[in-house]
Amino acid sequence: MSAVRAVVTGGCGFIGSHLVSALLARGAEVTVFDAAVPDATVPYGPAGNTADVRYVAGDVRDPDRVAEAVTAGTEVVYHLAAVVGVDRYLARPLEVIDVNFSGTRHVLDRAARTGARVVVASTSEVFGKHPDVPWREDGDRLLGPTTAHRWAYASSKGLAEHLTFAFVSQHGLDATVVRYFNVYGPRQRPAYLVSRTVHRVLNGLPPVLYDQGGHTRCFTYVGDAVEGTLLAAASPAATGEAFNLGSTRETTVASVVCLITKLADAAIPAQPVDTATALGASYQDLARRVPDTTKAHQRLGFQCRVPLEQGLAGTIKWARANPWWLALPDSGAA
């Protein structure tokens, strides 16, 4: 049996690089399409080796470069390229919208022309601030005002999902959407709760705790998110569907910060920060974010297997072994 030919947009990113590793381990022929250039000093992919992949540098907003990556014979495209992170969607909302919407359009159009299957990576952010949890895939969305940049990411990803399903219904595209819930793990940019907390405590700095940390999240280890993505790509029943991929263990932000500090053996008290002061009065955080993963479990066989404590301990161990990552700047929003 010949190897599957796969393209990963955003393959140099956090989840993308882990997905590339998993695909190569399964014997796939992988093309990485990314605007970033892999740096030999930064471990990437399997054992830090990029020699096993075909690399195409480019921006998903450029249809000609997308066509260079997604060639005839490509069987599946994992579309993970996006502008992600609170710091980025507050500072660069135009880029967020353009990449997440226009870039997705170019990828879908190219896949429709070549006959490739597509898995589009989306986010729990599409649900907005809906108070009724857990969120089902077909649940309503509740977003804030368009004057708040906070909602540009959620809106652009929601529209990318609409594009995907429109291509399925109008062009017969074989595509599915996966929604990630608070994914963490090795290689993640230190701009998110887990990665930034690990980065700060290992550098001897106090972890940042927004609004006393009483809000809750369901933290998903990157390996589980990748496994769910591969399951969606392999299932004919996934076509035209969206799937929540995430842990259902609801944990307060304060307890996660405390657990990271404990696992890192760092007796550093948290630095309290007021969200309105740090991020602006228009920024609206969510009290709870919990997925209903029944559909993904029943149709794909998906379930999270890595307990939070194990995933955090592994992330801390990896961070300690990679001084290049510890030397990165703290890129949190505040």
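Arginine 136 is partly exposed, at 47% relative accessible area. Buried means under 20% relative accessible area, exposed over 50%, and partly exposed in between (1.4 Å probe, protein chains only). Aspartate 138 is exposed, with a relative accessible area of 55%. The side chains of arginine 136 and aspartate 138 meet in a salt bridge of 2.7 Å, N to O. Such a bridge is a side-chain nitrogen of Lys or Arg within 4 Å of a carboxyl oxygen of Asp or Glu.

This is a predicted model, where local features need pLDDT of at least 70 and side-chain atom pairs count only at pLDDT 80 or more, while totals for chains, interfaces and linings use all residues. Residues are numbered from 1 along each chain as its sequence is written, and side-chain values use heavy atoms, with hydrogens and water left out.

**Salt bridges**

The structure holds 18 salt bridges. Three of them are set out here.

| Salt bridge | N to O distance |
|---|---|
| Arginine 136 and aspartate 138 | 2.7 Å |
| Glutamate 161 and arginine 179 | 2.7 Å |
| Arginine 299 and glutamate 241 | 3.4 Å |

The side chains of glutamate 161 and arginine 179 meet in a salt bridge. Glutamate 161 lies in helix α5 (residues 152-171) and arginine 179 in strand β6 (residues 175-180), so the pair ties together parts 18 residues apart in sequence. Helices (H or I, at least four residues) and strands (E, at least two) are DSSP runs, numbered from the N terminus. Glutamate 161 is buried, with a relative accessible area of 6%. Arginine 179 also counts as buried, at 7%.

Arginine 299 and glutamate 241 form another salt bridge. This pair links distant parts of the chain, 58 residues apart: arginine 299 is in helix α10 (residues 294-300), and glutamate 241 is in the loop between α7 (222-234) and β11 (242-245). Arginine 299 is partly exposed at 44% relative accessibility. Glutamate 241 is partly exposed at 24%.

Elsewhere, a network of salt bridges links Asp59, Arg61 and Asp98.

**Aromatic rings**

There are six aromatic pairs in the structure. Phenylalanine 127 and tryptophan 135 form a stacked one, 4.9 Å centre to centre with 25° between the planes. Rings of Phe, Tyr and Trp (its six-membered ring) pair if their centres lie within 6.5 Å; planes under 30 degrees apart count as stacked, over 60 as edge-to-face and the rest as tilted. Phenylalanine 127 is buried at 1% relative accessible area. Tryptophan 135 is buried at 2%.

Tyrosine 184 and tyrosine 221 pair edge-to-face, with centres 5.6 Å apart and 70° between the planes. Tyrosine 184 belongs to strand β7 (residues 183-184) and tyrosine 221 to strand β10 (residues 220-221), so-called distant parts of the chain, 37 residues apart. Both tyrosine 184 and tyrosine 221 are buried.

Phe127, Trp135 and Phe181 make up one aromatic cluster.

Charges meet rings too. Arginine 150 lies over the face of tryptophan 151, 4.5 Å from the ring centre. A charge sits over a ring if NZ of Lys or CZ of Arg is within 6 Å of the ring centre and within 35 degrees of the ring normal. The charged end of lysine 295 sits over the ring of phenylalanine 243, at 5.0 Å from its centre.

**Helix α8**

Helix α8 spans residues 253-263, and its buried residues are Val253, Val256, Val257, Leu259, Ile260 and Thr261. Just after α8, aspartate 265 has a positive phi of about 55°.
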